[in-house]
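Thanks for coming. I will keep this short and go through a few points on one model. Please have the viewer open.

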Amino acid sequence: MKVIITDCDHDSIDIEKKVFADAGMEVELKQAITEDEVIEQCQDAEIFIVQYAKITKKVMDNCPKLKYVVRYGVGVDTIDVPEATKHGIQVGNVPDYGMNEVADHAIALAMVMVREVVKMNQFTKNEKWDYTKAIPIHRFSELTVGVVGLGRIGRNFAKKMHALGFKVIGTDPYFKATPETDEYVTAVSVEDVITKSDIISLHCPADGNKDLFNAETFKKMKNSAVLINVARGGIINEADLDEALSNGEIAGAGLDCMLGEPVSKDSPLFKHENLVVTPHMAWYSEEAASELKRKVAEESVRFANGEAIHYPINKLA
C-alpha cells in the first residue's frame, strides 16, 4: 500500500522510514494541510499519516484509494470520523504515547499556580524579596483536585496528585470504578467537581464538551480555584475565562491548549498575571516523540499487512 505522511513539523521522519523499511515498504512526506493541498498532493495514497491536515468529506471524495488514516497524537478532531466510516475508511490514533507527559505537565501547571511560582519569580526579580505577596498558600492535603475526564491520562494525573497528598475527585460518564481506582479518586458529578475543587484539570475530549467551562461555570467555582487545560481548545470559553479572571471569579488558569492555535501574543487572555500558558507542549518529551513516530508507522504496517490495528477510532461494517 502507498503511504503518505500528509504533513508533520518534526525535524525528520527517520524513525518512520526505518519501521517501513524493515517491513519492505516506503513512505513519502508532503506538507499538505488544507483540503486542496491534500487532494492535490496525496490523491494516490491508500494510507495517510496526518498531523494537522484536514481530512474531510471533500478530501475523502477526491482520494478514492484512501483506506486508512492514522494521526500523530490522540485527538482526531481534524478528521471527519463519521464520514470516514461512511467511506469505509479506518481511522486510528496513538492514545498512549504521552500519557505520563500530559499528566505530568498538568501537575506542573497546577503546582506553579497553587505555589505562586510564576508570579513570585517575576515579583522577586523585578520588585523585592517578600514572600507575603504570595499569601495565601495552602497545604496540599487541605486542597481538593477535580478531574474532568478519567481516561488513561486523567487517571494517571489523578493517581499522581493523590500521591502528592491531594484529595482527588473526578467525573466521567464512561468511568467504571475499580478497587484500584478507589484508592486514588472518588467519582462524583460534574457539578461536584465544579463547586468543590480547588484545582480543576481537564482531560476530556473536545467533542461533546464545547464551552463546558463558561460564564455560568466560573460563577459556580470557588474564587480561590485554578483551572488547568491540557486537553483541547474549545472546552473553555475563552471570552468568559477572560471575564472570570478580570473579575476575580477564579484565582487563575494554566493552559496548554487554546482555540486557534498557534495563538497570537496579542490574545486578550495574555494580559492576566494569573494565567500561565504553554504552547501545546504537554505531550512532548524526547521519549514520547520517538514513541509516537514509531507507533504511527507500526500501525500503518499492521493495516497494510491486513492485521488488526491496536488503536481503532471507528468501527467498519
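Cys-42 has 0% relative accessibility, so it counts as buried. This is a predicted model, and I take the cysteines from it first. Which cysteine sulfur is closest to that of Cys-42? The one in Cys-63, at 6.9 Å, which is too far for a bond; the cut-off for a disulfide is 2.5 Å. Cys-257 is in no disulfide either, and its nearest cysteine sulfur, in Cys-204, is 11 Å away. Cys-257 counts as buried as well, with 2% relative accessibility. Searching the whole structure gives 0 disulfides.

Next, the sheet. It is open, with 7 strands in the order E8-E7-E6-E9-E10-E11-E12, and the pairing is parallel.

Last, helix H5, residues 99-114. Its 16 residues span 23 Å from first C-alpha to last, close to the 22 Å expected at 1.5 Å a residue. Which residues of H5 are buried? Among them are Glu-101, Val-102, His-105, Leu-109, Met-113 and Val-114. After H5 comes Glu-116, with a positive phi near 60°.

That is the end of my part.

Conventions:
Residues numbered from 1 in each chain as written. Predicted model: local features only at pLDDT ≥ 70, side-chain atom pairs only at ≥ 80, totals over all residues. Heavy atoms only, no water. Helix = DSSP H or I, 4+ residues; strand = E, 2+ residues; numbered from the N terminus. Expected span 1.5 Å × (residues − 1). Buried < 20%, exposed > 50% of the residue type's maximum accessible area, 1.4 Å probe, protein only. Pairing = 2+ DSSP bridges.
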